[in-house]
Amino acid sequence: MWTGPERDNFGKVLEEFEKRTGATVDFVPSGDDMAGFIGSKIAGGGPPDVAMLQQVGVLNEFARKGWLKPLGAGAKAQLAKNYAKGWRDLGAHKGTPYGVYFKASNKSLVWYNARAFDNAGAKEPKTWPDFVKAAEVIAESGVEPVSVGGADGWTLTDWFENIYLSQAGPGKYDRLAQHRIKWTDPTVKQALTTLGQLFGRKDLLAGGNSGALQTDFPTSVTQTFSGGAAPKAAMVSSADFAAANITQTRAKVGTDAKVFPFPAVGVRSPVVTGGDVAVALKDSKASQALLTFLASTDAAKIWAQAGGFISPNKELDQAAYADGVMREIAKALVTAGDDFRFDMSDQAPASFGGKPGQGEWKDLQDFLKNPKDVAGAQAQLEKDAAKSFGH
(Lines give C-alpha, C1' and ligand atoms only; values in the text may rest on other atoms or scores of the structure.)
Protein backbone atom coordinates (compact mmCIF):
# COMPACT_ATOMS: atom_id res chain seq x y z
CA MET A 1 0.00 0.00 0.00
CA TRP A 2 1.06 3.63 -0.42
CA THR A 3 4.43 4.68 0.97
CA GLY A 4 6.80 7.59 0.32
CA PRO A 5 5.42 10.41 -1.86
CA GLU A 6 2.16 8.52 -2.45
CA ARG A 7 1.56 8.29 1.27
CA ASP A 8 2.31 12.01 1.68
CA ASN A 9 -0.12 12.93 -1.09
CA PHE A 10 -2.90 10.77 0.30
CA GLY A 11 -2.15 12.43 3.64
CA LYS A 12 -3.10 15.78 2.08
CA VAL A 13 -6.49 14.32 1.07
CA LEU A 14 -7.07 13.02 4.60
CA GLU A 15 -6.04 16.37 6.14
CA GLU A 16 -8.74 18.15 4.14
CA PHE A 17 -11.29 15.55 5.30
CA GLU A 18 -10.24 16.12 8.91
CA LYS A 19 -10.55 19.88 8.48
CA ARG A 20 -14.09 19.55 7.12
CA THR A 21 -15.42 16.98 9.56
CA GLY A 22 -13.36 17.30 12.74
CA ALA A 23 -12.60 13.56 12.45
CA THR A 24 -9.10 12.18 13.09
CA VAL A 25 -7.77 9.64 10.60
CA ASP A 26 -4.86 7.24 11.16
CA PHE A 27 -3.37 5.79 7.99
CA VAL A 28 -1.66 2.40 8.29
CA PRO A 29 0.18 0.97 5.23
CA SER A 30 -0.52 -2.75 4.89
CA GLY A 31 2.20 -4.12 2.62
CA ASP A 32 1.28 -6.10 -0.50
CA ASP A 33 -0.88 -8.80 1.08
CA MET A 34 -3.94 -6.71 1.90
CA ALA A 35 -6.20 -9.77 2.19
CA GLY A 36 -3.93 -11.36 4.81
CA PHE A 37 -3.50 -8.06 6.68
CA ILE A 38 -7.26 -7.35 6.95
CA GLY A 39 -8.05 -11.01 7.66
CA SER A 40 -5.77 -10.98 10.72
CA LYS A 41 -7.28 -7.68 11.96
CA ILE A 42 -10.82 -9.06 11.63
CA ALA A 43 -9.82 -12.29 13.40
CA GLY A 44 -8.40 -10.15 16.21
CA GLY A 45 -11.67 -8.20 16.44
CA GLY A 46 -10.17 -4.85 15.40
CA PRO A 47 -10.77 -4.15 11.72
CA PRO A 48 -10.00 -0.66 10.38
CA ASP A 49 -12.97 1.59 9.51
CA VAL A 50 -11.94 1.85 5.87
CA ALA A 51 -9.53 -0.15 3.72
CA MET A 52 -8.07 0.44 0.25
CA LEU A 53 -8.08 -2.77 -1.80
CA GLN A 54 -6.05 -3.30 -4.97
CA GLN A 55 -7.84 -6.27 -6.53
CA VAL A 56 -11.43 -6.73 -7.65
CA GLY A 57 -11.08 -10.35 -6.55
CA VAL A 58 -10.36 -9.27 -2.96
CA LEU A 59 -13.40 -6.96 -2.84
CA ASN A 60 -15.63 -9.86 -3.95
CA GLU A 61 -14.00 -12.24 -1.48
CA PHE A 62 -14.50 -9.81 1.45
CA ALA A 63 -18.12 -9.17 0.40
CA ARG A 64 -18.82 -12.92 0.26
CA LYS A 65 -17.42 -13.30 3.77
CA GLY A 66 -19.73 -10.54 5.01
CA TRP A 67 -16.80 -8.29 6.02
CA LEU A 68 -17.88 -5.21 4.03
CA LYS A 69 -20.55 -2.63 4.84
CA PRO A 70 -22.66 -1.36 1.92
CA LEU A 71 -22.23 2.26 0.81
CA GLY A 72 -24.62 4.75 2.40
CA ALA A 73 -26.85 7.22 0.57
CA GLY A 74 -24.24 10.03 0.51
CA ALA A 75 -21.50 7.93 -1.09
CA LYS A 76 -23.96 6.40 -3.58
CA ALA A 77 -25.12 9.88 -4.65
CA GLN A 78 -21.52 11.01 -5.28
CA LEU A 79 -20.81 7.84 -7.25
CA ALA A 80 -23.91 8.27 -9.42
CA LYS A 81 -22.87 11.83 -10.23
CA ASN A 82 -19.13 11.36 -10.73
CA TYR A 83 -18.46 7.82 -11.98
CA ALA A 84 -19.20 5.88 -15.16
CA LYS A 85 -21.26 2.72 -14.72
CA GLY A 86 -18.18 0.54 -15.38
CA TRP A 87 -16.45 1.87 -12.25
CA ARG A 88 -19.60 1.63 -10.14
CA ASP A 89 -20.06 -2.01 -11.21
CA LEU A 90 -16.44 -2.83 -10.26
CA GLY A 91 -17.09 -1.57 -6.74
CA ALA A 92 -20.26 -3.65 -6.34
CA HIS A 93 -20.82 -7.30 -5.41
CA LYS A 94 -24.01 -9.03 -6.58
CA GLY A 95 -25.60 -5.65 -7.23
CA THR A 96 -24.77 -4.11 -3.84
CA PRO A 97 -22.37 -1.13 -4.00
CA TYR A 98 -19.49 -1.42 -1.52
CA GLY A 99 -16.54 0.44 -3.00
CA VAL A 100 -15.32 3.80 -4.25
CA TYR A 101 -12.49 3.65 -6.81
CA PHE A 102 -10.40 6.56 -5.62
CA LYS A 103 -7.15 6.06 -7.54
CA ALA A 104 -6.82 4.39 -10.93
CA SER A 105 -3.98 3.41 -13.21
CA ASN A 106 -4.05 3.41 -16.99
CA LYS A 107 -2.11 0.34 -18.16
CA SER A 108 -2.62 0.99 -21.87
CA LEU A 109 0.29 3.27 -22.59
CA VAL A 110 3.62 3.22 -24.36
CA TRP A 111 6.32 5.53 -22.98
CA TYR A 112 8.97 6.55 -25.49
CA ASN A 113 12.32 8.28 -25.70
CA ALA A 114 11.59 11.43 -27.75
CA ARG A 115 15.20 11.80 -28.89
CA ALA A 116 15.41 8.19 -30.14
CA PHE A 117 12.14 8.70 -32.08
CA ASP A 118 13.33 12.02 -33.57
CA ASN A 119 16.74 10.61 -34.57
CA ALA A 120 15.06 7.69 -36.35
CA GLY A 121 12.32 9.84 -37.90
CA ALA A 122 9.69 7.62 -36.20
CA LYS A 123 6.17 8.84 -35.46
CA GLU A 124 3.73 7.98 -32.68
CA PRO A 125 1.86 4.91 -34.02
CA LYS A 126 -1.94 4.70 -33.81
CA THR A 127 -2.36 1.07 -34.90
CA TRP A 128 -0.52 -2.21 -34.27
CA PRO A 129 0.93 -2.47 -37.82
CA ASP A 130 2.18 1.14 -37.44
CA PHE A 131 3.71 0.18 -34.07
CA VAL A 132 5.68 -2.71 -35.61
CA LYS A 133 6.72 -0.41 -38.47
CA ALA A 134 7.92 2.29 -36.03
CA ALA A 135 9.94 -0.38 -34.19
CA GLU A 136 11.58 -1.41 -37.48
CA VAL A 137 12.44 2.20 -38.36
CA ILE A 138 14.02 2.67 -34.91
CA ALA A 139 15.97 -0.61 -35.23
CA GLU A 140 17.42 0.64 -38.53
CA SER A 141 18.63 3.80 -36.75
CA GLY A 142 20.78 1.63 -34.48
CA VAL A 143 18.67 1.70 -31.28
CA GLU A 144 16.94 -1.45 -30.04
CA PRO A 145 13.26 -0.51 -30.16
CA VAL A 146 11.17 -2.17 -27.44
CA SER A 147 12.09 -2.70 -23.80
CA VAL A 148 10.22 -5.61 -22.16
CA GLY A 149 10.50 -6.35 -18.43
CA GLY A 150 10.07 -10.08 -18.89
CA ALA A 151 11.73 -11.05 -15.58
CA ASP A 152 8.53 -9.81 -13.93
CA GLY A 153 5.79 -11.96 -15.45
CA TRP A 154 3.02 -9.43 -14.77
CA THR A 155 4.39 -7.08 -17.43
CA LEU A 156 3.73 -9.81 -20.01
CA THR A 157 0.12 -10.19 -18.85
CA ASP A 158 -0.35 -6.47 -19.55
CA TRP A 159 0.95 -6.92 -23.11
CA PHE A 160 -1.43 -9.81 -23.68
CA GLU A 161 -4.45 -8.06 -22.10
CA ASN A 162 -4.05 -4.91 -24.19
CA ILE A 163 -3.87 -6.86 -27.43
CA TYR A 164 -6.72 -9.17 -26.42
CA LEU A 165 -9.08 -6.37 -25.33
CA SER A 166 -8.51 -4.36 -28.51
CA GLN A 167 -8.72 -7.36 -30.83
CA ALA A 168 -11.36 -9.63 -29.27
CA GLY A 169 -13.43 -6.87 -27.61
CA PRO A 170 -14.80 -6.29 -24.08
CA GLY A 171 -17.37 -9.14 -24.14
CA LYS A 172 -14.83 -11.86 -24.91
CA TYR A 173 -12.37 -10.23 -22.47
CA ASP A 174 -14.93 -10.60 -19.65
CA ARG A 175 -15.54 -14.24 -20.53
CA LEU A 176 -11.85 -15.14 -20.64
CA ALA A 177 -11.26 -13.24 -17.36
CA GLN A 178 -13.89 -15.46 -15.68
CA HIS A 179 -12.67 -18.57 -17.53
CA ARG A 180 -16.05 -18.91 -19.24
CA ILE A 181 -14.13 -19.51 -22.46
CA LYS A 182 -10.94 -21.56 -22.58
CA TRP A 183 -7.43 -20.34 -23.22
CA THR A 184 -7.43 -22.72 -26.19
CA ASP A 185 -10.09 -20.45 -27.81
CA PRO A 186 -9.28 -19.07 -31.32
CA THR A 187 -9.35 -15.48 -29.93
CA VAL A 188 -6.41 -16.34 -27.64
CA LYS A 189 -4.56 -17.90 -30.57
CA GLN A 190 -5.10 -14.70 -32.54
CA ALA A 191 -3.85 -12.47 -29.68
CA LEU A 192 -0.74 -14.58 -29.02
CA THR A 193 0.00 -14.69 -32.76
CA THR A 194 -0.21 -10.86 -32.82
CA LEU A 195 2.03 -10.57 -29.76
CA GLY A 196 4.39 -12.98 -31.53
CA GLN A 197 4.86 -10.36 -34.28
CA LEU A 198 6.84 -8.47 -31.64
CA PHE A 199 8.16 -11.24 -29.35
CA GLY A 200 9.15 -13.31 -32.40
CA ARG A 201 11.53 -10.59 -33.63
CA LYS A 202 14.61 -10.47 -31.44
CA ASP A 203 15.85 -7.49 -33.48
CA LEU A 204 12.89 -5.50 -32.10
CA LEU A 205 13.49 -6.37 -28.42
CA ALA A 206 16.10 -4.69 -26.22
CA GLY A 207 18.66 -7.42 -25.54
CA GLY A 208 16.68 -9.86 -27.69
CA ASN A 209 14.40 -12.46 -26.08
CA SER A 210 16.95 -13.60 -23.52
CA GLY A 211 17.69 -9.98 -22.56
CA ALA A 212 13.97 -9.28 -22.11
CA LEU A 213 13.60 -12.35 -19.86
CA GLN A 214 16.41 -11.05 -17.61
CA THR A 215 15.10 -7.48 -17.36
CA ASP A 216 12.94 -6.54 -14.37
CA PHE A 217 10.21 -3.91 -14.57
CA PRO A 218 12.11 -0.91 -13.09
CA THR A 219 15.09 -1.57 -15.40
CA SER A 220 12.80 -1.92 -18.44
CA VAL A 221 11.76 1.70 -17.82
CA THR A 222 15.07 3.26 -16.73
CA GLN A 223 17.09 1.70 -19.60
CA THR A 224 14.73 3.39 -22.08
CA PHE A 225 15.51 6.82 -20.67
CA SER A 226 19.23 6.54 -19.82
CA GLY A 227 22.29 6.68 -22.02
CA GLY A 228 21.73 9.98 -23.83
CA ALA A 229 21.90 9.51 -27.60
CA ALA A 230 22.47 5.76 -27.18
CA PRO A 231 19.72 4.41 -24.89
CA LYS A 232 19.28 0.65 -24.52
CA ALA A 233 15.73 0.96 -25.91
CA ALA A 234 13.39 3.52 -27.47
CA MET A 235 10.05 2.57 -25.90
CA VAL A 236 8.43 0.60 -23.10
CA SER A 237 4.80 -0.37 -22.63
CA SER A 238 3.77 0.41 -19.09
CA ALA A 239 1.16 2.02 -16.87
CA ASP A 240 1.20 5.65 -15.78
CA PHE A 241 3.14 4.66 -12.63
CA ALA A 242 6.27 4.25 -14.82
CA ALA A 243 6.58 8.04 -14.44
CA ALA A 244 8.00 7.38 -10.96
CA ASN A 245 10.77 5.20 -12.47
CA ILE A 246 11.48 7.77 -15.18
CA THR A 247 12.17 10.42 -12.52
CA GLN A 248 15.11 8.24 -11.37
CA THR A 249 16.81 9.01 -14.69
CA ARG A 250 17.79 12.40 -16.09
CA ALA A 251 14.86 12.33 -18.50
CA LYS A 252 12.07 14.83 -18.02
CA VAL A 253 8.52 13.54 -18.36
CA GLY A 254 6.74 15.48 -21.12
CA THR A 255 9.87 16.51 -23.02
CA ASP A 256 12.41 13.63 -23.03
CA ALA A 257 9.91 10.96 -22.02
CA LYS A 258 6.63 11.08 -23.90
CA VAL A 259 3.66 8.76 -24.04
CA PHE A 260 1.09 7.48 -26.55
CA PRO A 261 -1.96 5.22 -26.07
CA PHE A 262 -1.41 1.49 -26.65
CA PRO A 263 -1.93 1.07 -30.42
CA ALA A 264 -5.28 -0.15 -31.73
CA VAL A 265 -5.11 -3.83 -32.70
CA GLY A 266 -8.83 -3.98 -33.46
CA VAL A 267 -11.16 -1.05 -34.02
CA ARG A 268 -9.93 1.09 -31.13
CA SER A 269 -7.11 1.45 -28.63
CA PRO A 270 -7.69 -0.60 -25.48
CA VAL A 271 -7.93 0.85 -21.98
CA VAL A 272 -6.86 -1.69 -19.35
CA THR A 273 -6.89 -0.34 -15.83
CA GLY A 274 -5.88 -1.10 -12.28
CA GLY A 275 -7.06 0.77 -9.25
CA ASP A 276 -7.49 1.17 -5.50
CA VAL A 277 -11.00 0.86 -4.11
CA ALA A 278 -12.04 2.24 -0.70
CA VAL A 279 -14.42 0.01 1.29
CA ALA A 280 -15.97 0.24 4.77
CA LEU A 281 -15.32 -2.56 7.27
CA LYS A 282 -17.24 -0.79 10.04
CA ASP A 283 -20.65 0.76 9.66
CA SER A 284 -19.92 4.08 11.34
CA LYS A 285 -20.79 7.65 10.46
CA ALA A 286 -17.08 8.41 10.11
CA SER A 287 -16.37 5.61 7.60
CA GLN A 288 -19.39 6.55 5.45
CA ALA A 289 -18.35 10.23 5.56
CA LEU A 290 -14.84 9.34 4.38
CA LEU A 291 -16.15 7.20 1.48
CA THR A 292 -18.49 10.03 0.46
CA PHE A 293 -15.56 12.47 0.49
CA LEU A 294 -13.32 10.10 -1.52
CA ALA A 295 -16.03 9.84 -4.20
CA SER A 296 -16.13 13.64 -4.56
CA THR A 297 -14.27 15.81 -7.08
CA ASP A 298 -12.77 17.82 -4.18
CA ALA A 299 -10.83 14.81 -2.88
CA ALA A 300 -9.62 13.78 -6.35
CA LYS A 301 -8.49 17.33 -7.11
CA ILE A 302 -6.11 17.46 -4.11
CA TRP A 303 -4.01 14.50 -5.23
CA ALA A 304 -4.33 15.34 -8.95
CA GLN A 305 -2.71 18.72 -8.26
CA ALA A 306 0.06 17.05 -6.23
CA GLY A 307 0.89 14.74 -9.19
CA GLY A 308 1.46 11.02 -9.76
CA PHE A 309 -2.26 10.26 -9.67
CA ILE A 310 -5.19 9.74 -11.98
CA SER A 311 -8.81 9.57 -11.02
CA PRO A 312 -11.69 7.69 -12.65
CA ASN A 313 -13.91 10.59 -11.49
CA LYS A 314 -15.35 11.87 -14.78
CA GLU A 315 -16.49 15.19 -13.30
CA LEU A 316 -12.98 16.18 -12.17
CA ASP A 317 -11.81 19.23 -14.14
CA GLN A 318 -8.85 17.98 -16.21
CA ALA A 319 -7.09 21.29 -15.51
CA ALA A 320 -6.51 19.97 -11.95
CA TYR A 321 -3.73 17.68 -13.20
CA ALA A 322 -0.27 19.00 -12.47
CA ASP A 323 1.04 18.35 -16.00
CA GLY A 324 -0.05 17.71 -19.56
CA VAL A 325 1.15 14.11 -19.57
CA MET A 326 -1.06 13.09 -16.61
CA ARG A 327 -3.92 15.03 -18.19
CA GLU A 328 -3.61 12.98 -21.41
CA ILE A 329 -3.44 9.70 -19.47
CA ALA A 330 -6.49 10.59 -17.37
CA LYS A 331 -8.40 11.77 -20.43
CA ALA A 332 -7.96 8.41 -22.17
CA LEU A 333 -9.26 6.67 -19.04
CA VAL A 334 -12.37 8.86 -18.71
CA THR A 335 -13.08 8.93 -22.48
CA ALA A 336 -13.21 5.11 -22.51
CA GLY A 337 -16.54 5.40 -20.64
CA ASP A 338 -17.67 1.84 -19.89
CA ASP A 339 -15.40 0.25 -22.52
CA PHE A 340 -12.35 0.06 -20.25
CA ARG A 341 -11.62 -3.26 -18.53
CA PHE A 342 -9.89 -4.04 -15.24
CA ASP A 343 -6.58 -5.90 -15.42
CA MET A 344 -7.49 -9.53 -16.26
CA SER A 345 -4.78 -11.22 -14.19
CA ASP A 346 -5.88 -9.16 -11.14
CA GLN A 347 -9.38 -10.62 -11.55
CA ALA A 348 -8.15 -14.23 -11.59
CA PRO A 349 -7.42 -16.41 -8.56
CA ALA A 350 -3.91 -15.43 -7.39
CA SER A 351 -2.55 -18.93 -8.11
CA PHE A 352 -3.17 -18.29 -11.83
CA GLY A 353 -2.90 -14.52 -12.28
CA GLY A 354 -0.73 -13.23 -9.47
CA LYS A 355 2.22 -15.38 -8.44
CA PRO A 356 5.84 -15.37 -9.67
CA GLY A 357 7.06 -18.60 -11.24
CA GLN A 358 3.64 -20.12 -11.85
CA GLY A 359 0.38 -19.77 -13.78
CA GLU A 360 -0.04 -17.02 -16.33
CA TRP A 361 3.20 -15.18 -15.41
CA LYS A 362 5.33 -18.28 -15.98
CA ASP A 363 3.42 -19.41 -19.09
CA LEU A 364 3.88 -16.04 -20.80
CA GLN A 365 7.59 -16.03 -19.87
CA ASP A 366 7.84 -19.42 -21.61
CA PHE A 367 6.03 -17.89 -24.60
CA LEU A 368 8.52 -14.98 -24.67
CA LYS A 369 11.28 -17.62 -24.73
CA ASN A 370 9.61 -19.51 -27.59
CA PRO A 371 7.08 -17.23 -29.36
CA LYS A 372 6.55 -19.67 -32.25
CA ASP A 373 4.80 -22.19 -30.02
CA VAL A 374 1.38 -20.52 -29.78
CA ALA A 375 -0.51 -23.82 -29.39
CA GLY A 376 1.82 -24.98 -26.62
CA ALA A 377 1.39 -21.70 -24.73
CA GLN A 378 -2.40 -21.96 -25.08
CA ALA A 379 -2.48 -25.55 -23.80
CA GLN A 380 -0.36 -24.69 -20.75
CA LEU A 381 -2.40 -21.56 -19.96
CA GLU A 382 -5.62 -23.58 -20.15
CA LYS A 383 -4.22 -26.33 -17.94
CA ASP A 384 -3.13 -23.81 -15.27
CA ALA A 385 -6.34 -21.77 -15.49
CA ALA A 386 -8.55 -24.87 -15.16
CA LYS A 387 -6.63 -25.90 -12.04
CA SER A 388 -6.91 -22.44 -10.41
CA PHE A 389 -10.54 -21.80 -11.31
CA GLY A 390 -11.40 -25.33 -10.17
CA HIS A 391 -12.99 -26.69 -13.35
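Is D366 buried, partly exposed or exposed? In this predicted model, D366 has a relative accessible area of 28% and is therefore partly exposed, since that value falls between the limits of 20% and 50%.

**Salt bridges**

D366 forms a salt bridge with K369, and the closest N and O atoms of the two are 3.9 Å apart. Both residues belong to helix α19, which covers residues 359-369, and because they are three residues apart there, about one helical turn separates them. K369 is exposed, with a relative accessible area of 56%, whereas D366 is partly exposed.

Side chains of opposite charge can pair when their charged atoms come close. The count for this model comes to 16 salt bridges, and the table lists some of them.

| Pair | N to O distance |
|---|---|
| D366 and K369 | 3.9 Å |
| D158 and K107 | 3.5 Å |
| R201 and E136 | 2.9 Å |

The salt bridge between D158 and K107 links distant parts of the chain, for D158 sits in helix α8 (residues 153-168) while K107 sits in the loop between β4 (99-106) and β5 (109-113), and the two are 51 residues apart. D158 has a relative accessible area of 9% and is therefore buried, and K107, at 8% relative accessibility, also counts as buried.

The side chains of R201 and E136 meet in a salt bridge as well. R201 lies in the loop between α10 (186-199) and α11, and E136 lies in helix α7 (residues 128-140), so this pair ties together parts that are 65 residues apart in sequence. R201 counts as partly exposed at 27% relative accessibility, and E136 counts as partly exposed at 24%.

Beyond these pairs, E16, K19, R20 and D298 are linked in a network of salt bridges.

In soluble globular proteins, nonpolar side chains tend to be buried together. The largest nonpolar core in this model has 70 residues, and the members that touch the most others are F10, V13, L53, W87, F102, W111 and L294. Apart from this core lies another, of 50 residues, which includes W159, L165, I181 and A377.

What is W87 in contact with, leaving aside its neighbours within four places in sequence? The residues are Y101, A104, T273, G274, P312, L333 and F340.

**A buried asparagine**

N209 is found in helix α11, which covers residues 208-213. With a relative accessible area of 15%, under the limit of 20%, N209 is therefore buried. The side chain of N209 reaches the backbone oxygen of L368 at 2.9 Å. When neighbours within four places in sequence are left aside, N209 is in contact with F199, K202, L368 and P371.

Helix α15 covers residues 297-306, and its buried residues are A299, A300, I302, W303 and A304. These buried residues pack against α1, β4 and α14. Just after α15, G307 takes a positive phi of about 100°.

Another glycine, G357, lies in the loop between α18 (350-353) and α19, and at 56% relative accessibility G357 counts as exposed. G357 and D152 are 205 residues apart in sequence, while their C-alpha atoms are 9.3 Å apart in space.

About 90 Å³ of space lies in the largest cavity, which is lined by 13 residues, with W154, T155, D158, S237 and S238 lying nearest its centre. The largest share of this lining, five residues, comes from α8.

Methods
Residues numbered from 1 in each chain as written. Predicted model: local features only at pLDDT ≥ 70, side-chain atom pairs only at ≥ 80, totals over all residues. Heavy atoms only, no water. Core = buried A, V, L, I, M, F, W, Y, C linked by side-chain atoms within 4.5 Å. Buried < 20%, exposed > 50% of the residue type's maximum accessible area, 1.4 Å probe, protein only. Contact = heavy atoms within 4.5 Å. Helix = DSSP H or I, 4+ residues; strand = E, 2+ residues; numbered from the N terminus. Polar contact = N/O pair within 3.5 Å; in protein donor to acceptor, adjacent residues only side chain to side chain. Salt bridge = Lys/Arg side-chain N within 4 Å of Asp/Glu carboxyl O. 1 Å grid on protein atoms, 1.4 Å probe; cavity = no way out; pocket = protein on both sides within 12 Å on 5 of 7 lines; lining within 4 Å. Points joined across faces, edges and corners; volume = space filled by probe spheres on them.
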